[in-house]
Amino acid sequence: MNNLLSHARRARGLLLPALLVAAWEVASHQGASQAYAFVPLSVIGQGLTELIRNGDLLISTLASLQRTCIGLLIGVIAGLLVGAAMALSAIAERLLAPLYHMLRQVPILGLIPLIALWFGSQEGAKLLIVSLAAFYPMTLNTFEGFTHIDRRYREVARVLEWNTWQVFTQVLLPGALRSIANGILHALAFAWVSSVGSELFLSTGSGLGNLMMNAEAGARMEIVVIGVVCIGLMGYAMNQLFSRLTRHLLRWRDI
Amino acid sequence: MNASLDQRWLASTSHSPGALQIRELSKHYLLDGQPMEVLKGIDLRVKPGEFVSIVGASGCGKSSLLRLIAGLESDYSGDMQLDGKAITTTSLERGIVFQDHRLFPWKTVAQNIAIALKRSPLTRQEKALRVAEHIRLVNLQGFENAYPHQLSGGMAQRAAIARALITQPKLLLLDEPFGALDALTRISMQRELQRIWVQHRSTMIMVTHDVEEALYLGDRVIVMDARPGRIKYEIDVDLPHPRERHAPRLQELKEILLTELAGSDADK
Ligand SMILES: Nc1ncnc2c1ncn2[C@@H]1O[C@H](COP(=O)(O)OP(=O)(O)OP(=O)(O)O)[C@@H](O)[C@H]1O
Ligand SMILES: [Mg+2]
């Protein structure tokens, strides 16, 4: 009984998507022009089988995913270093903060023409875009995490006569961990979006974005829809995976 | 119950209580750019192994005084010495238990106590042994691996006391260590602190709002007055430890102290 209830509760999240799919299906049956804009589910199903059979979906997803991971890694490491430096050193802050906050205001989309001009439209340029997208939120959250360390814990460290390294590893880093995890979560979301986004603008290579661009050029709307759903599901899955992981790792945080 | 074990360990470690001497200590904070005197002309001598209680109205500078002795505040005038050595900054010779336990939420009870030994030359085994002994000392066996948020207020406070004691400071400062506890836990914690003090014999200075607590534990009770914070009155508690909580002499002293405290309130 309880089991049934909890299943029902979990299924609530599926209610809205199911309604949307139903509405979609109804819309697709309202004439030929509607059937082009709202591809019938049966056509989408055929397209999906085709993409899975010829391996396009897997290859595209992996290409986008790989770029996300590498870009995320670079962005997160750079963000950790810059964020921590700005928080812990007054000189670093005065040096880096103005440039950082200025650049941060420019949407990544606005940087793409410049990046394409300087670095071409190959994988390297896309990686740079993804890394930048991950770098911004990572830096901000790391900075916040390190600056909002409770003064009271630093006093304990002083009373116990810890050296700088001990203060860093025992107080600053664990104290900032929650913020850092938040930063990675944001960075992950931005990295994934900009990984697919970069493919829409720099159209060489492979990925889910390229798959969609090519499908649009070939008037294969069902593949575009599959691409959209796939991007959404992948992003959602990664977000869930990482939130659960951090919740487990940071379980000493009550609530 | 583990008295024999504790005794053996105490015998095997050398640590001596410290003598504190404070002369003409004054301190002011800046409030809206205006200097505000928090402490003025504090003179205090504490003998090795003595237990001194400090009571006084809220805001009279008790915490400030402890923070100064701990070495957490700079910028003061006057002179403070522990065993003849001037106090300039923090030192492992002076331990402090803050009013809020200040355990690190990301560490377990055992880790929280062990980190106090980061600067200690002891080997890993010796440290582990000492941590286990101090967990026993404050009766937290079975909670070694609990995180602070899983402890009651009293348990967290006991862990904090263990963390302060494990470095074997010559002088232990306690800032309202039982302030947040219910009456019953408070009484049992007082008994435990008394037991620990009798065993450890380190010099202790405890700030409290509770006159009975001050008298029950202290060899001497100091009454502070506010604005500026200064020592107004001192009383010797001439009873041997461990004490009987309801001793008639304590009742008499309590009346005197309450009159003094009420007097300092009436001045305002
Ligand atoms: N960092 C600070 N900056 C400015 N003023 C301060 C600071 N710390 C304390 N004070 C002031 O110093 C005075 C004494 O504070 P303190 O905390 O020592 O009082 P207390 O006797 O411990 O009070 P309580 O019993 O409420 O804990 C207060 O008036 C307080 O406003
Ligand atoms: Mg106080």
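**Notebook: two chains and one ligand**

I began with A:A219, which sits in the loop between helix 10 (208–217) and helix 11 (221–249) of chain A. Helices (H or I, at least four residues) and strands (E, at least two) are taken here as DSSP runs, numbered from the N terminus. Phi of A:A219 is near 55°, which is a positive value in a residue other than glycine.

I noted the ground rules. This is a predicted model, in which local features need pLDDT of at least 70 and side-chain atom pairs count only at pLDDT 80 or more, while totals for chains, interfaces and linings use all residues. Residues are numbered from 1 along each chain as its sequence is written, chains are lettered from A and ligands numbered from 1 in the order in which they are written, and side-chain values use heavy atoms, with hydrogens and water left out.

**Loop in chain B**

I then looked up a peptide bond in chain B. B:R227 and B:P228 are joined by a cis peptide bond, with omega about -10°. B:P228 belongs to the loop between strand 9 (220–225) and strand 10 (230–236) of chain B.

**Interface of the chains**

I listed the residues in contact (heavy atoms within 4.5 Å). Chain B brings 24 residues and chain A brings 19 residues. For buried area I used the accessible area (1.4 Å probe) that two parts lose on being put together, summed over both. Between chain B and chain A this is about 2,200 Å², with 61% from carbon and sulfur atoms. Of the area that chain B buries against chain A, B:R102, B:W106 and B:R119 supply 29%, more than any other three residues.

I checked salt bridges next (a side-chain nitrogen of Lys or Arg within 4 Å of a carboxyl oxygen of Asp or Glu). The interface has 3 of these salt bridges, including the one between B:R67 and A:E155 at 2.7 Å, N to O. By class, the side of chain B that touches chain A holds 11 nonpolar, 5 polar and 8 charged residues. In this scheme Ala, Val, Leu, Ile, Met, Phe, Trp, Tyr, Cys and Pro are nonpolar, Asp, Glu, Lys and Arg are charged, and the others, Gly among them, are polar.

**Ligand 1**

Which residues are the closest to ligand 1? They are B:S58, B:G59, B:K62, B:S63 and B:S64, out of 13 that surround ligand 1, each with a heavy atom within 4 Å of it. An oxygen atom of ligand 1 is 2.5 Å from an N or O atom in the side chain of B:S58.

Strand 1 (20–31), strand 2 (34–46) and helix 2 (62–70) of chain B each supply at least two residues. Helix 2 of chain B gives the most, with 3 residues. By class, the shell has 5 nonpolar, 6 polar and 2 charged residues.

Definitions and conventions. Polar contact = N/O pair within 3.5 Å; in protein donor to acceptor, adjacent residues only side chain to side chain.
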